[in-house]
Amino acid sequence: NVYFRGATFEGDADFSGATFEGEVYFKPFNDGRHKPTVFKKGANFKESIFNKGVIFKCIFNFSVSFDRTEFNHSVGFWETEFIITKMENLEFFKTKFKKADFEYNKIYKSLSFESCEGKGYFQFMNNYFVQDNNMKKFCIKYCSFEGNVVFTGNFEIDVEITNCEFNEVAFKFNGYNSKFKNLIFENSVFNGKANFGSAIFKHAKFNHTTFEKDADFKNTISGKLEFDKSTFEDIAYFRDIYFGLLSFVDCIFKGMAEFRNKIKSKKELKDMGVNEEILNEIKRYNNIAIFNNAQFLNKHSKIKNFQLSKTSFLMTDVREVMFLYEIEKEKILSHALLNKDFKNEEIYKKIHELFEDQLKDNSVLAEYRNLRLSIENNITYEEASNLHKLEMEFKKKYSDNNFEKIAIELYEILSNCGESVEKSVLWIMLAIFLIPLCALSCNYIVSDRLIASIWIIF
């Protein structure tokens, strides 16, 4: 075993290519109650091999390299300060981890893991990125993690995870949840369960992401939560979520998908630690949900408490989806967008950009029809009736056929588009009374004129 406790390295410390067969400690003398271990100049662990456990609880002042380092047992970075004034970024390049634990570290620069391998448990918990005038990022790219991965903490910087493969991932641990300012997952695969439950996002986007097992987004709070060309192979939970903008564009739900919108009180949001920036984003978009060209392949999927006036299912077949929502008589979102009937011009433009090419009168009419059929299948006829009337109103407005417009107008007058029994009965009774009366009147007039004609002749 090798111990560096309370050591100060005044010059460069070069451990490159070294192999450590026993345990290694870079930590303060007497567990922090005395002076810490400090690297004042460069610390080089390039291509080093650690076959037993290693702990870094120290200060890197100038620079540090872990390129192609192998941690074959376990490594802990605990309360380490990465000041690294010489470096633009803290990088782990082609580093191999058997088990890794990053906790309560203070990081002064951007952090990246590139082409790394995680064979076992990997935890990144409650690390602090020091805020200054320099823009920082936390990037993970071209990495594979075979064990469980845990991310928790408050990420006030941009987080980008691209071209990665994960087994099981959790964004909460022992009561700690995760908060993200900007999070992007791109071209990544989750082979095991992905647990984002209770996470808080200002803006999160999942591009070309595949969830092979359960995707759990229960109780999430988000200003904007967007999925683009992503696939959910198993169950997708979006239960009790609260959002400003929720978007699924070109996504596929192969397993059961469950969506339930739950408005939360200010007290609840405050207790959860949601800041004003995220609250303003939620208020700005005001619970708009978009399912554009999405596919629901499981007939047990459910969508509950989503206002149709704030939800779009353009180019999406929802006939097998169960809808549970409060009755409303407003147009569906796509209809309002097509009419440019939107109060907030800025938000309208941003949403319109998501499916500008598909926003046509025939596609909106198909959306009305699919929604109505889905709601009729759920035996909620009153809601279906409302949609049918709105569908007819839309069809009348955008039809190029004048005869069809007149027919729909009469359909509305006579039976409220087939939805009013009272109107139909009233018109039938009126017809029963008026038709004989008209016939008698006509008969009287005809008879009277006939007699007058005969009298003139003779």
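## Secondary structure and overall figures

The chain holds 8 helices and 44 strands in this predicted model. It has 458 residues, and 47% of them count as buried. The accessible surface comes to about 23100 Å², with 51% of that area belonging to carbon and sulfur atoms.

Contacts were also sorted by separation in sequence. Among those between residues at least 6 apart, 44% join residues at least 24 apart.

Strand β36 covers residues 231-232 and strand β38 residues 252-253, and the two pair in the parallel sense over 2 bridges. Thr-231 has Ile-252 in β38 as its bridge partner.

## Helix α2

Helix α2 spans residues 276-285, and its residues Ile-278, Glu-281, Ile-282 and Tyr-285 are buried. Viewed down the helix axis, the buried residues of α2 fall within an arc of 100°, so they line one face. An α-helix has 3.6 residues a turn, so residues three or four places apart point the same way. On the face of α2 turned away from the buried side are the exposed residues Glu-276 and Lys-283.

## The ends of α2

Asn-275 caps the N-terminal end of α2, with a side-chain oxygen 3.2 Å from the backbone nitrogen of Glu-277. Just after the helix, Asn-286 takes a positive phi of about 60°.

Note on methods
Residues numbered from 1 in each chain as written. Predicted model: local features only at pLDDT ≥ 70, side-chain atom pairs only at ≥ 80, totals over all residues. Heavy atoms only, no water. Buried < 20%, exposed > 50% of the residue type's maximum accessible area, 1.4 Å probe, protein only. Helix = DSSP H or I, 4+ residues; strand = E, 2+ residues; numbered from the N terminus. Arc of directions from axis to C-beta. Polar contact = N/O pair within 3.5 Å; in protein donor to acceptor, adjacent residues only side chain to side chain. Contact = heavy atoms within 4.5 Å. Areas by Shrake-Rupley, 256 points an atom, 1.4 Å probe, with all protein chains shown as cover. Pairing = 2+ DSSP bridges.
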